[in-house]
Amino acid sequence: MRFNENLTAVVAADLEQSVVPALMGDPGIGKSSFVEALAASMSTRAFILPCNQLAAKEDLTGTRLVPYERTDGTQAYKQVFYPHAVVQEAVDYATTHTSEHPILFLDEINRTNSDVTSAILTLVTLRRMGQTDLPTNLRLVVAGNDTGNVSPLDEASLSRFAVYHVSPDAMTLVQILGDACNPYVKAVLLDHPETVFARSTVALAAVDGS
């Protein structure tokens with residue numbers, strides 16, 4: 001599907017029913033921008049966590065040793081799990097804005113190691129991280145890549161989502177970029193929208209020294 005009004009309507013309907021959309025496509029085609037624009041259209045905020053920056057599942061659920069008092073009055077320590085800062089920020093916002101449906105966007109879920117991907121899938125399924133439950137009004141959207149150096153998602157994993165294989169749309173891209181879009185690039189996209197699919201190539205030229 002293209003990034004356009006039809007996709008916006010379908011994903012918004014999923015979120016209304018607490019279904020988790022999965023946007024699958026090439027990197028750099030505007031998935032994050034799409035989710036931010038979607039949140040704005042819903043009069044709320046999107047909290048973006050680039051999962052490819054997580055080296056281990058502990059980065060998603062950090063741990064701390066917290067002191068506590070035993071029943072006999074002696075002090076001991078227990079391990080407590082704390083959500084990633086972005087997840088905690090989303091939880092805090094949803095808790096204090098109960099009339100909204102903010103979005104926690106877990107980007108690049110399969111461009112990391114399999115342990116992190118597994119932890120993300122657990123978060124989506126259980127809606128819980130450590131001792132923290134996700135508020136009922138907090139919506140989840142995930143994104144990943146169809147090809148490249150990715151952790152494979154099996155059928156059981158994909159069954160947790162409403163999967164959309166997405167591709168860029170020239171007009172939507174121009175609208176999202178607004179004044180930030182180079183005017184020459186904008187002119188080409190408007191006259192030749194098919195070029196939004198073009199990939200850059202590196203041309204190498206060999207010359208002799210004469």
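How many bridges pair β5 and β8, and in which sense, parallel or antiparallel? β5 and β8 pair over 4 bridges in the parallel sense; two strands count as paired if DSSP finds at least two bridges between them.

Before we move on, a word on what is on your screen. This is a predicted model, in which local features need pLDDT of at least 70 and side-chain atom pairs count only at pLDDT 80 or more, while totals for chains, interfaces and linings use all residues. Residues are numbered from 1 along each chain as its sequence is written, and side-chain values use heavy atoms, with hydrogens and water left out. Helices (H or I, at least four residues) and strands (E, at least two) are DSSP runs, numbered from the N terminus.

**Stop 1: the sheet.** Show the 5 strands of the open parallel sheet, ordered β2-β5-β8-β1-β9. Select 46–50 and 162–165: these are β2 and β9, the edge strands, and each has a single partner, so one side of each lacks a neighbour in the sheet. On average, neighbouring strands are turned by 20° against each other, direction ignored; the axes behind such angles are lines fitted to C-alpha atoms, for helices over the stretch in contact, and angles run from 0 to 180 degrees between N-to-C directions. Next, pick β1 (residues 21–24), which pairs with β9 in the parallel sense over 4 bridges. M24 stands opposite H165 there.

**Stop 2: β5.** Now select 103–107. I103, F105 and D107 on one side, and L104 and L106 on the other, are all buried, meaning under 20% relative accessible area, with exposed over 50% and partly exposed in between (1.4 Å probe, protein chains only). In a regular strand the side chains alternate between the two faces of the sheet. Click on F105: I48 stands opposite this residue, and in β8 its bridge partner is V141.

**Stop 3: α5.** Select residues 114–126, the 13 residues of α5. Colour V116, T117, I120, L121, L123 and V124, the buried residues of this helix. The buried residues pack against α3, β5, β6, β8 and α6, where contact means heavy atoms within 4.5 Å. Finish at R127, which follows α5 and has a positive phi, near 50°.

How values were computed: The expected span of a helix is 1.5 Å times one less than its number of residues.
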